[in-house]
Amino acid sequence: MKGRIFSGVQPTHTLHLGNYLGAVRNWVRMQKEYECIFCVVDLHAITLWQDPKELTHNIREVTAAFMASGIDVEHGIIFAQSQVRAHAQLAWILNCVARVGWLNRMTQFKEKAGKDRENASVGLYTYPVLMAADILGYKATHVPVGEDQKQHLELARDIAQKFNTDYGVELFPLPEPVIGGPATRVMSLRDGTKKMSKSDPSDYSRIKMTDDADAIALKLRKAKTDTEPLPGPEALDEKGHIKREADEARPEAFNLLSIYAALSDRSLADVVNSFAGKEFSVFKKELTDLAVSVLGPIGSEMQRLLNQPGDIDRVLRQGAERAEAISEPILREVEDTIGFLRAK
């Protein structure tokens, strides 16, 4: 094994194609190379208010998505963050290590809080410290991250380094990022300049992992395009990457081509060559067939699992026990290092 992976997904709304291609599918592949811990990060979710009944359902739905996508619960660990005390307890300790100046530089807080920052929850502000506790609480060596989480992983490394330096120990490893493959950043089907999002008000902006074949077909048929035939290889540079000016001119076209490349496990250059000069109507039909063949079985298996919530809860309970067996000794090591007395 190359090391220990930790990663998680918030149980807010239904997971979509971007979550699958950008994270979950890559996790399935990583199981063969790393010791894997996958978390439904419900403590992170409540930094913004959640309806309690919806939160309960969403925790189970994210777990079902993990399992239906191929994460092996016997090999890897799947659990809910709130079921393991080390996350919240270590987060407080690391809050006392992190510096206010570091958190003030976190761009995601500024984006999520918007103009009304004074009314944002303290939890939203300290979210990156909880993320650091998630990672460091298992001494994870690698963390799969997208562009929007790179800054948070750097903070986790800074916190780990400061803790080690302050106490003269080498307790925490400095976790390394693992960057995914094609289509790690999937864009909205309605606006190719915006990231596909669970919070977008338009359901047609995303393909949900629970969508059936008819819903997938409808959303792809309605996906925004332009009036020109599909671009050819002249739009790519010598490394097969989209030229900036081409992407800016036709973001929706390249988003759909990138999705096709990721779903088919082909290079973008290969896909562009295959469809160069063809009409979108032809391409969309092939993309629909491909998306249904990949996502259809996952959605069906998710529905089967959600019809048996007791089985999902058992997976989470067993996963929490295994996660606790790893995190508790690490938390005790941290507490001994800083001088806390043990209750027992």
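Tutor: Two strands count as paired if DSSP finds at least two bridges between them. Please keep this in mind for the strands of this predicted model.

Student: What makes β1 and β2 a pair?

Tutor: DSSP finds 6 bridges between β1 and β2 (residues 35-40). The criterion is at least two, so β1 and β2 are paired. The two strands run parallel, and Val9 stands opposite Val40 in β2. The chain passes from β1 through α1 to β2 in a right-handed β-α-β crossover.

Student: Why is this crossover called right-handed?

Tutor: The term applies because, with the strands pointing away from the viewer, the path from the first strand over the helix to the second runs clockwise. Here that path leads from β1 over α1 to β2.

Student: How do you know that β2 and β3 pair?

Tutor: The same test is applied. β2 and β3 have 4 bridges in the parallel sense, and the requirement is at least two, so the pairing holds.

Student: Why is β1 described as largely enclosed?

Tutor: Of the 6 residues of β1, 5 are buried, so the rest of the structure largely encloses this strand. In β3 (residues 77-80), Ile77 and Phe79 point one way while Ile78 and Ala80 point the other way, and all are buried.

Student: What makes His44 a buried residue?

Tutor: The relative accessibility of His44 is 2%. The cut-off for buried is under 20%, so His44 is classed as buried. His44 lies in helix α2 and, leaving aside residues up to four places away in sequence, touches Gln10, Gln81, Tyr127, Leu130, Met131 and Asp134.

Student: What makes a space a cavity rather than a pocket?

Tutor: In a cavity a 1.4 Å probe fits but cannot get out, whereas a pocket is an open set. By this rule there is 1 cavity of 30 Å³ or more. The largest cavity has a volume of about 60 Å³, and its lining includes Met106, Phe109, Leu124 and His152. Helix α7 (122-136) and helix α6 (107-113) each give two or more residues to that lining. The most come from α7, with 4 residues.

Student: How do you know the class make-up of the lining of the largest cavity?

Tutor: By class, that lining has 6 nonpolar, 2 polar and 1 charged residues. Lys112 is among the lining residues, and Lys counts as charged.

Student: What is known of the largest pocket?

Tutor: The largest pocket has a volume of about 1600 Å³. Of its 50 lining residues, Asn19, Gln108, Asp148, Gln149 and Lys195 are the closest to its centre. Elements that give two or more residues to this lining include β1, α2 and β4, and α1 supplies the largest share, 7 residues. By class, the lining has 19 nonpolar, 21 polar and 10 charged residues.

Definitions and conventions: Residues numbered from 1 in each chain as written. Predicted model: local features only at pLDDT ≥ 70, side-chain atom pairs only at ≥ 80, totals over all residues. Heavy atoms only, no water. 1 Å grid on protein atoms, 1.4 Å probe; cavity = no way out; pocket = protein on both sides within 12 Å on 5 of 7 lines; lining within 4 Å. Points joined across faces, edges and corners; volume = space filled by probe spheres on them. Buried < 20%, exposed > 50% of the residue type's maximum accessible area, 1.4 Å probe, protein only. Contact = heavy atoms within 4.5 Å.
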